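Q: I would like a close look at a single part of this protein. Please set that part in the context of the whole chain.

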Amino acid sequence: MSRAVPRSRKVLALVAGAAALAAPLALAVPASGAEAEAGAYTVTPLRFTVEAGGRSCAVDADLYRPAGADAAHPAPAVLATNGFGGSKSDGSTAAIGKAFAERGYVGLVYSGLGFGKSGCLISLDAPETDGRAAARLVDFLAGSRAADDGTRVDFVTRDGAGDPRVGMIGGSYGGAVQLAAASVDPRIDALVPLITWNDLAYSLAPNAADRATPGVFKWQWANGFYLIGEGQPLLSPSLDPSRINSLGCLHFVTDACDTVRLLNSGRYPAAETEKMLTYARSVSPVSYLDRITAPTLIVQGQSDSLFNLNEARATYDRLRERGVDTRMIWQSWGHSGGQKPGELDLGDPEGSYVGQRVLAWFDRHLRKNAAADTGPAFAWYREGQSAYGTADRVPALSQKLYLSGDGKLVDNRTKVARGSRQYGNWLVPTSHSESSLAGMIGLPDPRPYDTPGTYLGWTSAPLTAPVDLVGAPRATLRVVSPATERVQDSGDAADKLVLFAKLYDVAPDGTKTLVNRLVAPVRVPDVTRPFTVELPGIVHRYETGHRLEFVVAASDTAYSGNRGVKPVTVVSDPESTGTLSLPLVGGGRVG
C-alpha cells in the first residue's frame with residue numbers, strides 16, 4: 001500500500017467503508033408499507049457446494065417461493081447476488097428476492113463468493129469462477145441438482161430439460177457477475193446489470209486517451225475496495241478455509257492483489273504492466289461480451305466516478321453490434337451518490353420509470369408477454385424535469401469548438417487567436433475533483449478546485465439559450481513538454497506525462513460546477529503527437545447566461561500523478577489547434 005495506516009484506523013475504515021460503498025446499491029430496500037403480505041411467499045435458507053476456480057466453495061443462498069408456485073403452476077426465476085462487501089442478507093440484496101417473489105417470480109438470492117457465509121476467494125467476478133458458481137445455481141433452478149440438504153425444486157418454468165426460465169438483476173459487483181454468468185451459461189434468459197464495469201483496467205487506472213497505455217491510478221476507490229476485501233474475515237468471520245489465500249493475500253485471488261500492489265508502487269515497467277492489464281481485462285466483460293446472447297437492460301449512474309457512463313456505453317455498443325437485444329438507461333444515482341426522488345426502488349418498482357422498465361423487461365423475456373413494452377433503446381435522467389429523455393440511439397457528437405490562444409472556447413476556427421500558454425505541476429496534487437474516502441469516514445468533500453498556475457482553461461461566451469449535453473465529449477490536444485519528451489521512452493510508463501481533462505459549468509456570478517465531479521485522467525502516449533481524449537459521459541443542462549469551461553489540469557487528489565516536474569505548453573493557431581466536440585440534444589448550440 002502506498003500509505004501507511006495504523007491497524008485501528010484500517011479496521012474503522014473497513015467497517016465504515018463497507019457501509020458507505022454499499023449505500024449506493026440500496027436499490028431495492030422496500031419503502032414503508034411495501035413488505036409482502038403474510039403468505040405471499042416463503043423463504044428457505046440453502047447451502048450449495050460448487051466447484052469454482054479450482055476450489056470447492058460453499059454458497060449461502062435464500063430461496064423465495066411465491067404463493068401458488070408448484071409443479072403444476074411453475075413460475076420463472078430471478079437470480080441475484082450482492083454488491084462488493086455485501087451479502088444475501090443486506091437490505092438491498094434481500095429486497096430483490098422479496099420484491100420479485102411478491103410479483104410471482106421464484107427468487108434465488110445468494111452471497112457472492114468470498115462474501116457473507118459463502119466460501120472461496122474474491123476473484124472479481126471472473127467468468128470461470130463466479131460465473132461458473134452462478135451456473136451451478138441455474139442447475140438447481142432447473143431441478144437437475146439439489147442443495148446440500150437434498151432440497152430440489154420443480155416449480156420453475158422450463159424451456160426444456162435442464163433449462164429453467166431465469167433472469168438476473170443486481171448492482172455493481174452483482175451486476176458484472178450477470179455478464180460473467182451469461183458468458184458461460186446460455187440458459188440465462190435476461191439480464192439487468194446496474195452500475196457495473198466494462199473494463200476494470202479502465203475503471204481502476206483509466207487512460208482516457210489510449211487504452212493500450214497504462215492509465216492513471218484511481219487510488220482512493222481501488223484501495224478502499226481492497227481494504228474491504230482483505231478485511232472480510234474481520235467483517236464476516238468464517239472458518240471456511242477456502243476463504244483464505246496463503247500466497248500473500250488474505251482474501252483475494254493472488255492476481256488481484258498483485259494488480260493493486262503494482263498500481264500502488266508507482267512503477268509500470270512494460271512486462272509487469274502488460275500482465276496487469278491482461279488480468280484486469282480477463283475478469284471484465286470487455287473480454288467476453290462476444291459470448292453473451294441474453295437480452296440485456298443496462299442501467300448506469302450519471303453520478304458515478306467509479307464506473308462512469310462510458311463503461312455502460314462500451315458494453316451497450318458491443319452487444320448491439322452483435323445483434324443482442326440491448327437497451328440502456330442512464331439514471332441519476334451511482335457509486336458517487338445522486339439519488340433523486342422517484343428513482344429506482346425495487347420495493348416499489350411500479351413507482352419509478354426505471355422500475356417499470358425492469359418489470360417490463362422480465363415480463364417480456366421471462367413471462368414471454370409479447371405485449372410488454374420494453375421501451376426505447378436509450379433513456380437518460382433529466383435533472384429537474386418530470387420525465388426521462390428517450391432516443392433510438394445515443395446522441396452523436398454534434399458541435400466542435402476550438403481552443404483559442406487567448407483562453408476562449410470558440411465556435412469557428414477563424415476566431416482562434418494565436419498564442420501559447422503554460423502550466424506546471426507540483427509534486428503534490430493541486431486540483432481536486434472528489435474524495436471517495438471522505439464518504440467512507442463521514443467527512444465532507446471539499447468543492448472541486450484548481451490551483452492557479454497548475455492548469456489551463458478555455459471558456460465559452462455566455463449562452464444565449466439553454467444547451468443540453470448528453471454523452472461523452474471528446475477533445476483533441478497537442479502539448480509541448482520537453483521534460484517529458486526526454487524520459488517518456490524509458491520503458492516505464494510512469495515517466496509519461498499525466499494530465500486531467502474536465503468540463504465545468506460557470507454561472508453568471510462566476511461559481512464553477514464540475515458536473516458530477518467527473519474527470520478524464522490521461523497518460524499521454526507520446527507528447528510529440530496529437531492525442532484524443534474521451535471525457536466521461538455526462539448529462540447536464542447549461543442554462544442561459546452560463547458558460548462552458550474546458551480545463552486541462554496537472555493533477556487530481558483522487559489519482560496518482562506525474563513522476564517529477566513536467567511543465568506543459570499548449571500552442572494555438574487557426575491552422576492547428578485543439579478542439580472540443582460535444583454531444584448536444586434539442587438543437588442548442590454553444591457560441
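What span should the 15 residues of helix α3 (residues 127-141) have, and how far apart are its end C-alpha atoms?

A: First, the ground rules. This is a predicted model, in which local features need pLDDT of at least 70, side-chain atom pairs count only at pLDDT 80 or more, and totals for chains, interfaces and linings use all residues. Residues are numbered from 1 along each chain as its sequence is written, and side-chain values use heavy atoms, leaving out hydrogens and water.

Now the helix. At 1.5 Å a residue, α3 should span 21 Å, and its end C-alpha atoms are 19 Å apart, which agrees. The expected span is 1.5 Å times one less than the number of residues. Helices are DSSP runs of H or I, at least four residues, and strands are runs of E, at least two, numbered from the N terminus.

Next, its surroundings. Because 12 of the 15 residues of α3 are buried, the helix is largely enclosed by the rest of the structure. Buried means under 20% relative accessible area (1.4 Å probe, protein chains only). The buried set includes Pro127, Ala133, Ala134 and Ala135. Leu137, Val138, Phe140 and Leu141 belong to it too. So do Asp130 and Asp139. Just after α3, glycine 143 takes a positive phi of about 85 degrees.

Finally, the whole chain. The protein has 13 helices and 29 strands. Buried residues make up 59% of its 591 residues. Its C-alpha atoms fill a box of roughly 80 × 55 × 40 Å, taken along the principal axes.

Notes. Buried < 20%, exposed > 50% of the residue type's maximum accessible area, 1.4 Å probe, protein only.
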